[in-house]
Amino acid sequence: MVNLSASADTITCPNVADKLPDIPAQAQAEVDRNLKLLQTQINEANNRLISSAGEGGPNFVQNAILGPLADKRTATINRIATAIGRVADRPTGLDGLATCKLGNGGGATAPATQDPDASEPPTSPPSDNATTPPSDNATTPPATGGNKIICPDVAGKLPDIPAQAQAEIDRNLKLLQTQINEANNRLVSSAGEGGPNFVQNAILGPLADKRTATINRMATAIGRVADRPTGLDGLAKCTLSSGGAASSKPSASAKAASGPTADDFVDIQSVDPVQQQQRSASSGSFVSRCGTPQEGHANSDNVITAPGVAKGGQQLNDYVGNVSTDAFSTNESLAASDTTCRIRADRSTYFWPTLRVGGADGNAVRPSLVQLQFRGNAMSKVTAAPQFLRLITGDAQAVSGGKPSDTASDAPSDTASDVPTDLPTDVPTDLPTDVPTDLPSDTASDVPSDPPTDTASAKASDTASAKASDTASAAPSDAPSDAANARPTWTCTGFANRLTDKYPICPSGSDLMRVFDMPSCWDGQNLDSADHRTHVVFPDENGACPADTQAVPQLRVTLVYDDVPNTQPDGTNVPFMVDSAPSEGNSPNTDHAGAIALMSKQLMNNVVRCINSGRRC
């Protein structure tokens with residue numbers, strides 16, 4: 001933890017724990033997690049206050065630190081209220097506790113936690129071993145005066161450590177610090193060596209690999225005697241920061257200023273093809289035709305990772321399907337809404353970040369064709385997916401390795417979301433039932449062949465449809481289940497078996513294409529999970545689902561753009577980029593997509609029958 005000097009300003013926030021009613025036992029764990037998160041948010045804001053000293057104008061602290069902190073606290077307090085409200089009366093009057101203020105430090109020697117008269121928020125019961133885990137001192141660089149490597153703190157993200165695991169955790173926390181020190185020493189000794197990517201390839205990349213292994217050992221040590229912690233994967237990546245006051249993450253403005261360069265692009269013809277995985281156990285498919293995104297339904301919310309937080313997604317998202325989706329959508333509001341899908345029994349939400357031409361603030365370009373295809377599993381039949389199942393693929397924060405510290409952010413990956421994780425008992429029963437019961441078995445292609453009903457998608461030509469028609473058979477197979485959250489999504493029509501994590505330059509006559517494969521191995525119980533990923537995971541490298549999961553229809557979202565320039569990039573003058581959070585610099589690695597399943601049971605059963613019988617519907 002970074003300490004403040006005695007004369008420094010600190011951020012103080014109203015105490016939340018003291019304002020809560022008696023907490024039901026069923027909600028205690030989730031409330032404790034979110035109370036811890038409130039403290040983490042204050043610590044991060046105070047660290048940001050230190051690292052940004054001297055930046056910005058007179059309103060910088062309010063706009064860049066206190067405002068985003070209030071947004072985060074609002075979402076966290078709402079999750080606390082929701083957790084209690086599931087099993088008792090939902091507490092009221094907590095909204096006013098979100099706003100924090102800046103006050104002189106006086107005699108303070110560490111970041112303030114609550115108001116001066118407030119106590120530390122309660123946590124879950126401590127382990128018998130009271131030893132405090134050593135910090136991995138992620139922000140302490142060598143005193144070189146130049147560039148230095150900074151890494152996310154791991155110790156502060158761990159749950160209470162069981163006594164049986166304490167020694168192993170301590171050893172590995174020390175090892176994390178040793179790895180950072182060695183990398184910083186290497187940074188000093190290798191000054192001037194290599195090309196522009198030397199530091200990334202020779203220092204930061206290997207350091208991330210070492211940290212990944214070390215963090216996994218810590219999670220395993222805890223998991224042997226308690227619940228294995230989740231959401232730690234994003235803590236492995238470190239970044240390079242210039243000299244001066246160290247911050248746990250580079251500033252969002254610095255990231256955004258860099259943006260994508262020619263190094264983020266690749267000629268699609270130079271990408272190696274990938275062998276497609278055969279899905280012999282359930283080889284059919286089902287296409288839901290939902291048109292193309294309309295300008296009127298685009299927002300920077302993310303109802304899955306940041307429910308209840310306006311602009312919580314931090315990038316502009318395009319939508320098809322459910323027409324009402326925003327940060328404040330609920331299961332009930334989604335079920336009562338209209339849809340752009342031709343089969344009105346599909347009220348699912350489908351979304352992804354907007355593509356831009358002309359820079360980070362350039363024109364939003366929407367796809368000329370959208371294909372929503374549900375596919376089978378290589379090793380087993382599929383079963384019906386539940387209504388309101390949350391799905392995410394890709395990593396919106398692949399560059400920063402976590403949520404930006406100076407803007408409103410996605411809900412943390414290691415806290416419970418405020419959507420119920422148990423299957424609802426009050427699912428609306430009045431979803432449309434206009435589902436064809438005699439589904440065709442001889443459809444010529446997986447791609448929609450009839451013209452879309454909306455005017456924007458009518459411009460998608462027959463040629464564009466034909467170019468996308470190889471998606472189902474030629475796109476690369478699923479990545480292994482232990483792959484990083486960031487997944488290759490970029491390709492070109494005619495080259496769909498060459499997926500890349502860089503922006504592709506397509507040859508003449510070929511159009512830009514994005515392909516998102518969603519996870520499809522459901523745990524059979526939860527609609528969402530704390531990290532929004534562990535409740536539904538990807539099949540393994542052989543296509544099989546883990547033993548404790550069941551295969552559900554896998555959603556593949558394919559987007560084709562017929563009006564994106566294929567010009568060669570020149571330095572920072574690039575033809576296009578994906579919209580992203582300020583901290584992510586519009587990196588192609590941050591491409592991602594999400595969905596909330598909301599088909600009627602009749603339609604979902606038809607989807608399952610098509611897939612399991614080998615038909616293309």
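Keep in mind as you look around that the model is predicted. Is Arg 390 buried or exposed? Its relative accessible area is 3%, and buried means under 20%, so Arg 390 counts as buried.

What does the side chain of Arg 390 reach? It comes to the backbone oxygen of Phe 388, at 2.9 Å. Now compare sequence with space: Arg 390 and His 535 are 145 residues apart in sequence, yet their C-alpha atoms are 8.8 Å apart.

Let us step back to the whole chain. It has 617 residues, and 53% of them count as buried. You can find nine helices and 22 strands in it. Take the contacts between residues at least 6 apart in sequence: 80% of these join residues at least 24 apart. The accessible surface of the chain comes to about 25300 Å², and carbon and sulfur atoms account for 49% of that surface.

Next, the aromatic rings. A pair of aromatic rings is described by two things, the distance of the centres and the angle of the planes. How many aromatic pairs are there when ring centres must lie within 6.5 Å? The count comes to six aromatic pairs.

One of them joins Phe 265 and Tyr 503. Their ring centres are 5.0 Å apart and their planes meet at 40°, so this pair is tilted. The partners come from distant parts of the chain: Phe 265 is in strand β5 (residues 265-267) and Tyr 503 is in strand β15 (residues 503-505), 238 residues apart. Both Phe 265 and Tyr 503 are buried.

Tyr 503 also pairs with Phe 576. Why is this pair called edge-to-face? The ring centres of Tyr 503 and Phe 576 are 5.3 Å apart and the planes are at 75°, and planes over 60 degrees apart count as edge-to-face, so the name follows from the angle. Where do the partners lie? Tyr 503 belongs to strand β15, while Phe 576 is in the loop between β20 (554-561) and β21 (577-578), so the pair ties together parts that are 73 residues apart in sequence. Like Tyr 503, Phe 576 is buried.

One last stop brings a charge and a ring together. The charged end of Arg 487 sits over the ring of Phe 538, at 3.5 Å from the ring's centre.

Note on methods: Residues are numbered from 1 along each chain as its sequence is written. This is a predicted model: local features need pLDDT of at least 70, side-chain atom pairs count only at pLDDT 80 or more; totals for chains, interfaces and linings use all residues. Side-chain values use heavy atoms; hydrogens and water are left out. Rings of Phe, Tyr and Trp (its six-membered ring) pair if their centres lie within 6.5 Å; planes under 30 degrees apart count as stacked, over 60 as edge-to-face and the rest as tilted. Helices (H or I, at least four residues) and strands (E, at least two) are DSSP runs, numbered from the N terminus. Buried means under 20% relative accessible area, exposed over 50%, partly exposed in between (1.4 Å probe, protein chains only). A charge sits over a ring if NZ of Lys or CZ of Arg is within 6 Å of the ring centre and within 35 degrees of the ring normal. Contact means heavy atoms within 4.5 Å. Accessible areas come from the Shrake-Rupley method with a 1.4 Å probe; for residues, only the protein chains shown count as cover. A polar contact is a pair of N or O atoms within 3.5 Å; within protein, one must be able to donate a hydrogen and the other to accept it, and residues adjacent in sequence count only if both atoms are side-chain atoms.
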